[in-house]
Amino acid sequence: MDFDFSQDLILEDEKVLLRPLKISDVENLIEFSINEPEIWEYSPIGAEGRENLEKYIQNALKGREDKMQFPFIVFDKVRGKYAGSTRFYDINIPFKTLQLGYTWYGKEFRGTGINKHCKFLLLQYAFEKMQMERVEFRADNANKRSIAAMISIGCKVEGVLRSHMPTAKNGIRRDSIILSILKEEWFLEVKENLRKKIML
């Protein structure tokens, strides 16, 4: 299938709403950027401070323009607040693969279940609408919280790429852990298991 990168794609359930990220969302996310710079401790691209946040969003929008990424802002409907951001990236329509990542939330929203709601909506769309065969996830191998969150939604660990890429910390490279969910796994077990978790 062809994916329309220009569409105003909205994904939502009773708890969360994901809509396309816009440059004006600097104002909706600036509080995290100024007050919680540690959010990007493990990220290769930081967004701490207004200037870095503006660059972060501009890069995400350029990825969408180039038909490689589709970034979202996350809105917590229960709290009535913006919670963070996530995106599809490395979208390869002919190969039917994409990566799901650049995911971050403010500390107020961690452990609230919002991540599982987001992942359910994104995975459902990727496998059932975009007809993807594989959704890949990557993280700094030192980021144990992120890895645990990915495993808890049903990702399988594939391996570690050693000294894979530079980090925002000058001169420090990271090992990247690779995880994935395949289409058959989504329909056989991951979808139902994740649905049960978000219903709790």
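Hi everyone, thanks for coming. Please keep in mind that this is a predicted model.

Let's begin with the sheet. Eight strands make up an open sheet with mixed pairing, and the order is β1-β2-β3-β4-β5-β6-β8-β7. At the edges sit β1, residues 11-12, and β7, residues 156-166, and each of these pairs on one side only. As a reminder, strands of a sheet pair through backbone hydrogen bonds, either parallel or antiparallel.

Strand β2, residues 16-20, runs antiparallel to β3, and five bridges join the two. If you want a spot to look at, find P20, which stands opposite F72 in β3. On to the next pair: β3 and β4, residues 81-92, are antiparallel as well, over seven bridges. Here F70 stands opposite F88 in β4. The hairpin of β3 and β4 has four residues between the strands, and G80 takes a positive phi near 70° there.

Is β3 enclosed or open? Six of the seven residues in β3, residues 70-76, are buried, so the strand is largely enclosed by the rest of the structure.

For a parallel pair, go to β5, residues 97-105, and β6, residues 134-140, which are linked over three bridges. T97 has R134 as its bridge partner in β6.

Now the helices that lie on the sheet. Helix α4, residues 144-152, lies across β6, β7 and β8, running at about 160° to β6. Helix α5, residues 183-199, also packs on the sheet, where it touches β7 and β8, and its direction makes about 65° with that of β8.

α5 has a helix partner too. Two packed helices are described by the angle between their axes and the distance between the axes. For α3 and α5, the axes come within 10 Å and cross at roughly 155°. An angle over 145 degrees counts as roughly antiparallel, so that is how α3 and α5 run relative to each other. Their crossing is left-handed. The residues that meet include K116, F120, L123 and F127 from α3, and K183, W186, L194 and I198 from α5.

In soluble globular proteins, nonpolar side chains tend to be buried together. The largest nonpolar core has 55 residues, and L18, F88, L123 and F137 touch the most other members. Helix α3, residues 114-128, gives the most to this core, with nine residues. Which residues does L123 touch? Leaving aside residues up to four places away in sequence, L123 touches L100, E128, V135, F137, I153, I181, W186 and L194.

Last stop, the loops. Most residues other than glycine have a negative phi, and most peptide bonds are trans. K67 is not a glycine, yet has a positive phi of about 60°. K67 lies in the loop between α2 and β3, and is exposed, with a relative accessible area of 54%. Q131 is not a glycine either, and has a positive phi of about 60°. You'll find Q131 in the loop between α3 and β6, partly exposed at 31%. E133 is placed in the loop between α3 and β6, and at 36% relative accessibility E133 counts as partly exposed. Not counting residues up to four places away in sequence, E133 touches K96, F127, I181, L182 and K183.

That's my tour. Happy to take questions!

How values were computed:
Residues numbered from 1 in each chain as written. Predicted model: local features only at pLDDT ≥ 70, side-chain atom pairs only at ≥ 80, totals over all residues. Heavy atoms only, no water. Pairing = 2+ DSSP bridges. Contact = heavy atoms within 4.5 Å. Axes fitted to C-alpha atoms, helices over the stretch in contact; angles between N-to-C directions. Core = buried A, V, L, I, M, F, W, Y, C linked by side-chain atoms within 4.5 Å. Buried < 20%, exposed > 50% of the residue type's maximum accessible area, 1.4 Å probe, protein only. Parallel < 35°, antiparallel > 145°, perpendicular 65-115°, else oblique. Left-handed = near helix turned anticlockwise from the far one by under 90°.
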